[in-house]
Amino acid sequence: MTVTPEADTARLAAPQLLRSVFRQHAAGVAVITAAGPNPVGFTATSLTSAAAEPPLISFGIGTGASSWPVISTADHIGVHVLGEHQRELATMFARSGADRFAAPTRWHEGPAGVPVLEDVVAWLVCRIVARVPAGDHRLVVAEVEEGDPSGGGRPLLYHGGRFRELRD
């Protein structure tokens with residue numbers, strides 16, 4: 001097989017291509033939390049329902065993320081589906097170096113000691129069952145143990161590099 005200059009260019013541009021394509025993909029916004037010496041958390045748009053039996057979720061986290069050292073050893077994590085009214089919370093948990101659990105963030109210690117955010121659309125506490133290497137990230141797979149889907153409201157979305165609202 002002959003490699004053409006176009007194929008070589010496409011290969012070099014693959015990371016940018018991936019980012020550009022996924023800017024066109026709308027995703028729900030979640031915050032993942034874990035207990036550590038200090039609670040940690042980050043905004044995730046990679047949350048996926050992985051299996052129904054057993055009930056599994058997955059998400060990706062960069063190994064350079066400030067939350068990774070705690071997530072890498074945690075037994076449990078919290079998963080929080082954010083609502084349209086929580087753009088500021090999503091931004092706070094996405095910002096490097098922010099004190100994410102200081103006021104105005106409202107949270108309490110939930111099952112398994114996991115930080116549970118208040119006023120979210122829904123939340124889960126899950127037991128981590130796998131951390132799979134995936135390039136500069138890890139794909140974390142966790143089994144659902146507890147939660148509450150009754151927060152109500154409309155979900156916050158991420159599309160085109162911005163937080164957005166769901167429209168009918």
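Me: Where is the place of A90?
Reply: A90 is in helix α4, residues 87-94. Helices (H or I, at least four residues) and strands (E, at least two) are DSSP runs, numbered from the N terminus. This is a predicted model: local features need pLDDT of at least 70, side-chain atom pairs count only at pLDDT 80 or more, and totals for chains, interfaces and linings use all residues. Residues are numbered from 1 along each chain as its sequence is written, and side-chain values use heavy atoms, with hydrogens and water left out.

Me: Does A90 count as buried or exposed?
Reply: A90 counts as buried, because its relative accessibility is 0%. Buried means under 20% relative accessible area, exposed over 50%, partly exposed in between (1.4 Å probe, protein chains only).

Me: What does A90 touch?
Reply: Not counting residues up to four places away in sequence, A90 touches V29, T43, L82, L156 and F163. Contact means heavy atoms within 4.5 Å. The C-alpha atoms of A90 and T43 are separated by 5.9 Å, with the two residues 47 apart along the chain.

Me: Which residues of α4 are buried?
Reply: L89, A90, M92 and F93. They fall within an arc of 160 degrees seen down the axis of α4, so they line one face of the helix. The arc is that of the directions from the helix axis to the C-beta atoms. The face turned away from the buried side carries the exposed residues E88 and A94.

Me: What covers the buried residues of α4?
Reply: Strands β11 (156-159) and β12 (162-165) are among the elements that do.

Me: In what sense do β11 and β12 pair?
Reply: Antiparallel, over four bridges; strands pair if DSSP finds at least two bridges between them.
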